[in-house]
Amino acid sequence: MSEATVSESSIPQQRLLVTEIPGPRSQELHARRQAVVPPGVHSVLPVYIDRAHDSIVVDVDGNHIIDVCGGIGVMTIGHTDASVVAAAREQMGKVTHTLFTMTPYEPYVQVAEYLAKYASQQETYKTLLVNSGSEAVENGVKIARKFTGRPGVAVLEHAYHGRTLLTSSMNYKAVPYAAGYGPRAGNIYKAPNSYPLHDGLTGAEAAARTIAYLEKCAGAEDLACLVFEPIQGEGGFIVPADGFLPALAEWCRANGIVFIADEVQAGIARSGKMFAFEHFGIQPDLVLTAKGIAGGLPLAGVTGRAEIMDKSQPGGLGGTFGGNPVACAAAVAVFETIERDNLLLEAQRIEATFSAGLKALQAKYPAIAEVRGHGAMLAFELTKPGTTEPDADLVASIIDFAAKQGVMLLSAGIYNQAIRLLPSLKMTDELIADILSVLDEAFAAA
Ligand SMILES: *Cc1c(COP(=O)(O)O)cnc(C)c1O
């Protein structure tokens, strides 16, 4: 396995700019791309990446950029982690595809064992593997409908669940995800969420509002499931008020509604726990995973109580590439690395360093209305001075300033009101300090 560690570990973990951002080579590639790739596939930062390691991506012009997006929370254990690279390379040379529903293989079972171990301490949970977060959500809904025999799907305001037909219909934001692509899927009910900065409600009050809405507008007896993100991702890393999710869990249980945690963005060690639901003292019936699970390879899971998962008939679940052996081998390496390197503690270190720095900036710049999140899933929301009105222009100008300085940031929220931070769990304190100093300059300049 000597070739496993060639080149990728040689990228120093620091920012280094040698051209403007985007550089000339990126601009050239971007012109070529625009001729053959439609604008609907938008790139936030048209800087073309050549290679990456841990928290640094190197573009085709040789700029070393700090990656605080990780491909939207995918590179949780860092780019080109040596054990993930080695495991994927080894599996690549053994077998790359048989189709699990034709002739199975061990790595799929290993991933299902890891997910079962973390999804519940009490009960048996079983896993279906698919290719993307959207596909996990689709299958979660499908499995819940099969189990309950009911059609209705409840989701929360500010939610994001994907870009397939069903999931784009479940998103709170129609523009750009669903508008013009209709007809949308039916039987979806978008209920109020808990957004403490804006609604001022306790968890119990917010839950009472959500439940009242669903009872009136959907009818509890028609609902197959409630799909929720324990910490909303695209919605702006919204952490619900204490008691909100437990009250919804209890209501779902009392009404036979499958309680589905979409952990696609917040799950797999991102928040400082293996699953974000653990922060809230709840036990979901189904847990959906994707993004960070396989170190950048496409893999997603639906993990659920055996009673629910077992209801689907043989052949009812699956797909050609679902649980691909190379992606599964990478996922096993991700779980092993999280355990071996105590990465949950690293997420807590990152939270401590980053949130202290962000709170210091908040004291200096009143536009920062709130710093929130858990672990390596932190965001700060920007509002116009003295109001709770979102300041999307300021968000855009901070992100633009940082990009030009070699720090890759991403906005979030239905009004683009927040900047979200999705650092690798291996991001050094030195890099975090550097990011904070660039943010300080960005606010001073704005
Ligand atoms: C990204 C995301 C999805 C969709 O995953 P894809 O792999 O892009 O299909 C679903 N739910 C949440 C919470 C996400 O962040």
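A cavity is a set of points on a 1 Å grid over the protein atoms alone where a 1.4 Å probe fits but cannot get out; a pocket is an open set with protein on both sides within 12 Å along at least five of seven lines, and lining residues have an atom within 4 Å of a point. The model is predicted: local features need pLDDT of at least 70, side-chain atom pairs count only at pLDDT 80 or more, and totals for chains, interfaces and linings use all residues. Residues are numbered from 1 along each chain as its sequence is written, and side-chain values use heavy atoms, with hydrogens and water left out.

**Exercise 1. The cavity**

Find how many cavities of 30 Å³ or more the whole structure holds, and describe the lining of the largest cavity.

Solution. 
- Step 1. Grid points are joined across faces, edges and corners, and a volume is the space filled by probe spheres set on the points.
- Step 2. The search of the whole structure returns 1 cavity of 30 Å³ or more. The largest cavity holds about 50 Å³.
- Step 3. Its lining consists of Leu156, Asn193, Ser194, Glu229, Pro230, Gln232, Ile238, Pro240, Phe244 and Leu245.
- Step 4. Sort these residues by class (Ala, Val, Leu, Ile, Met, Phe, Trp, Tyr, Cys and Pro are nonpolar; Asp, Glu, Lys and Arg are charged; the others, Gly among them, are polar). The lining then divides into 6 nonpolar, 3 polar and 1 charged.

**Exercise 2. The second largest pocket**

Give the volume of the second largest pocket, and state which element supplies the largest share of its lining.

Solution. 
- Step 1. The volume of the second largest pocket is about 400 Å³.
- Step 2. The pocket has 19 lining residues, and Phe100, Tyr108, Thr127, Leu128 and Leu317 lie nearest its centre.
- Step 3. Elements are DSSP runs numbered from the N terminus: helices (H or I) of at least four residues and strands (E) of at least two. E4 contributes the largest share of the lining, 4 residues.
- Step 4. By class, the lining holds 8 nonpolar, 9 polar and 2 charged residues.
- Step 5. Take Thr127 from the residues nearest the centre. Threonine 127 belongs to strand E4. Its relative accessibility is 14%, so threonine 127 is buried (buried is under 20% relative accessible area, exposed over 50%, partly exposed in between, with a 1.4 Å probe and protein chains only).
- Step 6. The side chain of threonine 127 makes a polar contact of 2.8 Å with that of threonine 303. A polar contact is a pair of N or O atoms within 3.5 Å; within protein, one must be able to donate a hydrogen and the other to accept it, and residues adjacent in sequence count only if both atoms are side-chain atoms.

**Exercise 3. Salt bridges**

Which residues are linked with Arg305 in a network of salt bridges?

Solution. 
- Step 1. Side chains of opposite charge can pair when their charged atoms come close. The rule asks for a side-chain nitrogen of Lys or Arg within 4 Å of a carboxyl oxygen of Asp or Glu.
- Step 2. Arginine 305 and glutamate 123 form one of them, at 3.3 Å from N to O. The partners are 182 residues apart: arginine 305 sits in strand E10 (residues 300-305), and glutamate 123 in the loop between helix H4 (106-119) and strand E4 (125-130).
- Step 3. Arginine 305 is buried at 17% relative accessibility, whereas glutamate 123 is partly exposed at 40%.
- Step 4. The network links Glu123, Asp285, Arg305 and Glu307.
- Step 5. For another pair, take arginine 340 and aspartate 341, with an N to O distance of 3.0 Å. Arginine 340 is exposed at 52%, and aspartate 341 is partly exposed at 33%.

**Exercise 4. The ligand site**

List the residues around the ligand, and give the distance from a ligand oxygen to the side chain of serine 134.

Solution. 
- Step 1. A residue is near a molecule if one of its heavy atoms lies within 4 Å of it. The residues around the ligand are Ser132, Gly133, Ser134, Tyr160, His161, Gly162, Glu229, Asp262, Val264, Gln265 and Lys291.
- Step 2. A ligand oxygen lies 2.5 Å from an N or O atom in the side chain of serine 134.
- Step 3. A ligand nitrogen is 2.7 Å from a polar side-chain atom of aspartate 262.
- Step 4. Glutamine 265 lies in the loop between strand E8 (258-262) and strand E9 (286-289), and is buried at 7% relative accessibility. Its side chain makes a polar contact of 3.1 Å with that of glutamate 234.
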